[in-house]
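Please look at the sequence and the structure before reading on.

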Amino acid sequence: MKNVLLYTTDTEKKKAILRLCRKLGLSVKILGNGDFQSSVGNLAGMEHKLLPGGPADVPNQRTEGLLTKASPPAMPDVIVFAGMKEECLDNFLKEYNGAGIAPTPLKAIVTPYNVGWSLSGLIAELIKEHKELAGPSV
């Protein structure tokens, strides 16, 4: 099943993403603060099949201080894709950009490595990676 997990507080953005997902035949799960400690796999309706040697929730260890259990009210906008082939994901992103929907910098794909991570751990890792890619501040 092709799933999109979505968290945003922007009502118009949420409506636009829901319209886009309907158009592309994608199911959407709207995330809330109560999902913050749930596993990405459970939220996506997937089994937890971690790869051998793959940590269950490494981001919580490597990104200490970026997010805490007290962070849900400040949860950033995020889109997580599950069960999508590359061409479907590419089409979604093309349509998303073409529709003029406000950017969502934090995006992820559910993988065998992160399927058991908590949503908070995944978001923390995305924030860390986003900061690294942005480079040093001027």
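## Terms and basis

Contact means heavy atoms within 4.5 Å. Helices (H or I, at least four residues) and strands (E, at least two) are DSSP runs, numbered from the N terminus.

This is a predicted model, in which local features need pLDDT of at least 70, side-chain atom pairs count only at pLDDT 80 or more, and totals for chains, interfaces and linings use all residues. Residues are numbered from 1 along each chain as its sequence is written, and side-chain values use heavy atoms, with hydrogens and water left out.

## Helix H1

Helix H1 comprises residues 11-24.

At the start of H1, a side-chain oxygen of Asp-10 lies within 3.0 Å of the backbone nitrogen of Glu-12. After H1 comes Gly-25, with a positive phi near 75°.

Lys-13, Ala-16, Ile-17, Leu-20 and Cys-21 are buried in H1 (buried means under 20% relative accessible area, exposed over 50%, partly exposed in between, with a 1.4 Å probe and protein chains only). These residues lie on the same side of H1 because they cover an arc of only 135° around the axis, taken from the directions from the helix axis to the C-beta atoms.

Their cover includes strand S1 (3-7), strand S2 (27-30), strand S3 (78-82) and helix H4 (86-98). Glu-12, Arg-22 and Lys-23 are exposed, on the face turned away from the buried side.

## Leu-126

Leu-126 belongs to helix H5 (residues 119-134) and counts as buried because its relative accessibility is 10%. Not counting residues up to four places away in sequence, Leu-126 touches Val-78, Leu-106, Lys-107 and Ala-108.

Methods:
Expected span 1.5 Å × (residues − 1). Polar contact = N/O pair within 3.5 Å; in protein donor to acceptor, adjacent residues only side chain to side chain.
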